[in-house]
Amino acid sequence: MASKLVVIIVFILDLIAVGLAIAAEQRRSVGKVETDREKQYEYCVYGTDIATSYGAGAFVLLFVSQVLIMAASRCFCCGKSLNPGGSRACAIILFLICWVFFLIAEMCLLAASIRNAYHTHYRKMWNVEDPPSCEVIRKGVFAAGAAFTLFTAIVSQFYYVCYSRARDAYQNPSY
């Protein structure tokens, strides 16, 4: 039987990670161009940078929850063998899907946090032809990270339950 403590802790961590990723999407930086008083150069002014912290927090919490699930299941490849059957096949498929969703979510959250933290300060200071823009992160990158964090949470829970069933069936054969 799956450990209820592991399931509850991982669920809470994943839920907080999804909430932080959604909050990061809502609070991402917005840049606007302003000129100085003497009208000599233009510079970019950005709003709050809290989205970077929210995204990094979601990144860390998702990572911790994945480590907990993999440690509890011994990363599927270590430990005792599993009972052949539907639960083991389901656990293998869910294990692979879980890792794919996890990697996509982590890449979205990390890239969005890094890009959100990058700010161009001065635009037209040296009379260049093509000044840098006040570009910010695209809308929806943190949201994609939140969606894949949610997918990872759901699939990892199902993976752990299927893994536990296959492990328990091998330890307690029915014959």
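Helices (H or I, at least four residues) are DSSP runs, numbered from the N terminus. The structure is a predicted model, in which local features need pLDDT of at least 70, side-chain atom pairs count only at pLDDT 80 or more, and totals for chains, interfaces and linings use all residues. Residues are numbered from 1 along each chain as its sequence is written, and side-chain values use heavy atoms, with hydrogens and water left out.

**View 1. Leu-5 in helix α1.** Leu-5 belongs to helix α1. Its relative accessible area is 57%, so Leu-5 is exposed (over 50%; 1.4 Å probe, protein chains only).

**View 2. The length of helix α3.** Helix α3 comprises 32 residues, 86-117.

**View 3. Buried residues of helix α3.** Several residues of α3 are buried, among them Leu-94, Phe-95, Cys-98, Phe-102 and Leu-109; the term means under 20% relative accessible area. An α-helix has 3.6 residues a turn, so residues three or four places apart point the same way.

View 4. Which helix holds Glu-106? Glu-106 lies in α3 and, at 7% relative accessibility, counts as buried. Leaving aside residues up to four places away in sequence, Glu-106 touches Phe-59, Leu-62 and Phe-63, where contact means heavy atoms within 4.5 Å. Glu-106 and Ala-146 are 40 residues apart in sequence, and their C-alpha atoms are 9.7 Å apart in space.

Key. Helix = DSSP H or I, 4+ residues; strand = E, 2+ residues; numbered from the N terminus. Expected span 1.5 Å × (residues − 1).
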